[in-house]
Amino acid sequence: MREYDSTFLGGLALLGAAAVLFAVAALTGRGDMTSATLVLVGFGSFVGGVVLLTQYRGDRVAPWVAGLAAAGGVIDLARVAADLGLQGNAHLVPRDGEVVQVVPPGAALPTLPEDDYSFIDEAHGGGLLLVPTGRPLYDRLVRESGLVVPDTVEGVCTAIREAGGVALGIADRVDAVPEGDGLVVTLGGYRLYDGCKAVREASPRVCTMIGCPVCSCFGVMAAAGLGRTCVLENVATDDRDRSVRLVLRLL
């Protein structure tokens with residue numbers, strides 16, 4: 001039996017139990033405390049069955065599939081950046097009401113040109129100008145979940161905890177705290193961890209040069225809420241508890 005059928009079967013079982021209890025109460029017709037108990041238990045079973053069935057969504061995508069699905073594109077983008085001689089970390093920059101990603105040649109952020117061409121020319125300092133891999137996630141959270149990121153570091157941390165732990169449900173534990181000139185996000189029991197492993201097997205630099213959609217989304221949230229450039233400074237993983245530690249630096 002497939003694991004994701006359990007919700008559906010549980011709902012059917014509760015509805016079946018409710019039907020049996022109602023039938024027994026009707027057939028006995030005693031009209032006493034026993035019949036009342038059967039009706040109450042049957043009603044509770046009926047409500048529980050309906051709740052389970054309304055939560056059922058059919059086949060679900062396994063977490064390892066979701067994690068690996070984005071890994072290839074992230075790795076390829078990092079390879080393109082490396083082949084161009086770029087070595088800087090991803091800079092998530094607020095611009096014209098949205099957040100863009102710049103991969104600079106080194107530590108210094110180039111001047112952003114007026115156009116949105118992917119390649120920043122040498123006259124502006126060189127680099128890549130990209131759509132952050134996490135911006136679709138961020139846009140969806142804003143559009144469908146009503147996400148509003150506060151304009152303080154503490155507020156951003158709260159928003160990250162709520163978005164990661166509740167709206168996205170990507171980990172057993174999502175924590176975000178201010179630290180130094182930025183903030184640190186920790187994902188414990190990260191459900192998309194297989195994607196992290198694949199990316200880091202290619203190169204740990206991929207995590208900070210491009211960033212997977214989830215880490216990138218948190219950086220986009222910080223940049224959008226604070227109106228400041230956010231750098232993917234460091235990403236560390238731990239296979240023992242499938243955890244990820246992301247350091248975001250604010251400029």
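In which helix is the place of Val 80? Val 80 lies in helix H4, which covers residues 71–83. The views show a predicted model, in which local features need pLDDT of at least 70, side-chain atom pairs count only at pLDDT 80 or more, and totals for chains, interfaces and linings use all residues. Residues are numbered from 1 along each chain as its sequence is written, and side-chain values use heavy atoms, with hydrogens and water left out.

View 1. Val 80 has a relative accessible area of 40% and is partly exposed, a term for values between buried (under 20%) and exposed (over 50%), with a 1.4 Å probe and protein chains only.

**View 2. A surface patch of negative charge that includes Asp 96.** Asp 96 gathers here with Glu 114, Asp 115, Asp 116, Asp 121 and Glu 122. Asp 96 sits in the loop between strand S1 (91–95) and strand S2 (98–103), and Asp 96 is exposed, its relative accessible area being 74%.

**View 3. Helix H9, residues 213–226, is mostly covered.** Of the 14 residues of H9, 12 are buried, among them Cys 215, Phe 218 and Met 221. At 1.5 Å a residue H9 should span 20 Å, and its end C-alpha atoms are 20 Å apart, which agrees. Gly 227, with a positive phi near 65°, follows H9.

Technical notes. Patches are made of residues with over 30% relative accessible area and no salt bridge: like charges are joined within 9 Å, nonpolar side chains (Val, Leu, Ile, Met, Phe, Trp, Tyr) within 5 Å. Accessible areas come from the Shrake-Rupley method with a 1.4 Å probe; for residues, only the protein chains shown count as cover. A salt bridge is a side-chain nitrogen of Lys or Arg within 4 Å of a carboxyl oxygen of Asp or Glu. Lys and Arg count as positive and Asp and Glu as negative; His and the chain ends are not counted. The place of a charge is taken as NZ of Lys, CZ of Arg, CG of Asp or CD of Glu. Helices (H or I, at least four residues) and strands (E, at least two) are DSSP runs, numbered from the N terminus. The expected span of a helix is 1.5 Å times one less than its number of residues.
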